[in-house]
Structure formats: C-alpha cells, structure tokens
Amino acid sequence: MLIAGVDEAGRGPLAGAVFAAAVILDPARPIVGLADSKKLSEAKRDELAPLIKERALAWCIASASVEEIDRLNILHATMLAMSRAVEGLAVRPDEVLIDGNRVPKQITLPARAIVKGDALEPAISAASILAKTARDAELVALDARFPQYGFARHKGYPTTEHLAAIAAHGVLAEHRKSFGPVKQWLAAHQGELF
C-alpha cells in the first residue's frame, strides 16, 4: 500500500508563501534520521532533503502565494498548497496522511489527518523537511533582494528584528497584508507599499 505523507511550512510568518510537500517513501530505500523538521537543525534538514528527493518513490513541493493567503486566509491557503502537493505526485498513493487535524476538502483520495503526524509517520516527516527547506530557500532569496529586513535569519516570523525592520522600512509586496502587524502598519500608513 502506497502512503503519501503531507505537511506544510510557513503558516505563522508575516511574509512569503506557505509551502506544502507530499512524499511517498520507498520501503526498499529507507532514509535514516527522518523526524519532524522543527526538531532538526537547519544543517540536518539540508542534508536530508536531497536524500528524500533521490530515494522517494514520488515527491512534490507546492505553495500558495501571499495573494492567495490574503484572499482565502492562511488556513484555506495551507489546505490549497497541500492539495496541490498531492495532485503533483507522479505516483498515485492509496492513502494520504496529513499532519494536523483536518483533511483538505480538495483531496479526493482516501485521506486522514494525524495530529503530530510529523513525529509519528516517516512519510509526513519527509514532507515536513521538504516543505521547510523549500520555504527557507524562498526566504533566503527574499533576503538577497531586501537585506535590510533580515529574512534569512527570521524566515519571515514576527520576531523583534522583523517588526523593527517593518517599522523602519515599511511593508513589502511579499508581506501578508491580512496578518496583524502588517495590517496595523498599513492602516497607520494609508496602505502604502515599499
């Protein structure tokens, strides 16, 4: 039975897309060290991601844009990214296991949600690593374009450094306009973007 694990990365940040990945592991080619991406160091995630891509029977990384997040809300945008990742698999799984407590309604295959699934199911752990490394790469690229915001360090999360950068430099098109601190800045500055 082929199982696809699905997880997301980037629900909490103030900037950038939300990413999701779906992975079908190959039982004949095990990967040692899979775990919830949040429990792994960045170096370990970066080491495991290419191994997952090389050894998995199938994998797909997808995202939902900042515009989709602002239009749909972060929960629905996350569900959209997850369903896109499942749809993008080159191999059709028999069952889809999703980290969390809900199944995206767009997924038509047999599916179930598993709370803390990224710590319990290796395919979900693998998906969490791919989603996290893809999202981190996007924020590092954003940092190269806008170094004054510190995206490579805080990855878009509402840290003291990030909030100070928004106060000093304003809101970018890459910021999520529906998120509190960004929405507050825009309201105070008549919606002007930098």
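## Val86 and the largest nonpolar core

In this predicted model, Val86 is in contact with Val6, Ala22, Val96, Ile107 and Leu109, leaving aside its neighbours within four places in sequence. Val86 also belongs to the largest nonpolar core, a group of 30 residues. Within that core, the residues that touch the most other members are Val6, Val18, Val86, Leu89 and Val96.

Strand E1, strand E2 (18-24), strand E3 (58-64), helix H3 (74-87), strand E4 (95-99) and helix H8 (180-188) each supply at least two of its residues. Helix H3 provides the largest share, namely seven residues.

## Overall architecture

The protein has eight helices and five strands. Read from the N terminus, the order of these elements is β-β-α-β-α-α-β-β-α-α-α-α-α. The radius of gyration is 17 Å, close to the 16 Å that the globule rule gives for 194 residues, so the protein is as compact as a globular protein of that length.

The C-alpha trace spans about 55 × 35 × 25 Å along its principal axes. Of the 194 residues, 49% are buried. When contacts between residues at least 6 apart in sequence are considered, 61% of them join residues at least 24 apart.

## A buried charge without a salt bridge

Glu8 is located in strand E1, which covers residues 3-9. This residue is buried and yet has no salt bridge. Its nearest side chain of opposite charge is that of Arg11, at a distance of 4.7 Å. That separation exceeds the limit for a salt bridge, because the nitrogen and the carboxyl oxygen must lie within 4 Å of each other.

Not counting residues up to four places away in sequence, Glu8 touches Val18, Phe19, Ala20, Thr78, Met82 and Ala131.

## Salt bridges

The structure contains 12 salt bridges. One of them joins Arg112 to Glu95, with the closest N and O atoms 2.7 Å apart. This pair links distant parts of the chain, since Arg112 lies in strand E5 (residues 111-114) and Glu95 in strand E4, 17 residues apart.

Asp136 counts as buried at 7% relative accessibility, and Lys132 counts as buried at 16%.

Glu174 and Arg145 also meet through their side chains in a salt bridge, at 3.0 Å from N to O. Glu174 is found in the loop between helix H7 (160-169) and helix H8, while Arg145 is in helix H5, so this pair ties together parts that are 29 residues apart in sequence. Glu174 is buried, with a relative accessible area of 18%, and Arg145 is exposed, with 53%. Elsewhere, salt bridges that share partners join Asp36, Lys38, Lys39 and Asp118 into one network.

## Aromatic pairs

The structure has two aromatic pairs. Phe146 and Tyr149 form an edge-to-face pair, in which the ring centres are 6.4 Å apart and the planes stand at 90°. Tyr149 and Phe151 form a stacked pair, with 5.5 Å between centres and 10° between planes. Through these ring pairs, Phe146, Tyr149 and Phe151 are linked into a cluster.

Phe146 counts as buried at 18% relative accessibility. Tyr149 is buried as well, with a relative accessible area of 1%, and Phe151 is buried with a value of 0%.

Definitions and conventions. Residues are numbered from 1 along each chain as its sequence is written. This is a predicted model: local features need pLDDT of at least 70, side-chain atom pairs count only at pLDDT 80 or more; totals for chains, interfaces and linings use all residues. Side-chain values use heavy atoms; hydrogens and water are left out. Helices (H or I, at least four residues) and strands (E, at least two) are DSSP runs, numbered from the N terminus. Buried means under 20% relative accessible area, exposed over 50%, partly exposed in between (1.4 Å probe, protein chains only). Lys and Arg count as positive and Asp and Glu as negative; His and the chain ends are not counted. Contact means heavy atoms within 4.5 Å. A nonpolar core is a set of buried Ala, Val, Leu, Ile, Met, Phe, Trp, Tyr and Cys residues joined through side-chain atoms within 4.5 Å. Rings of Phe, Tyr and Trp (its six-membered ring) pair if their centres lie within 6.5 Å; planes under 30 degrees apart count as stacked, over 60 as edge-to-face and the rest as tilted. The radius of gyration is taken over C-alpha atoms; the globule rule is 2.2 Å times the number of residues to the power 0.38.
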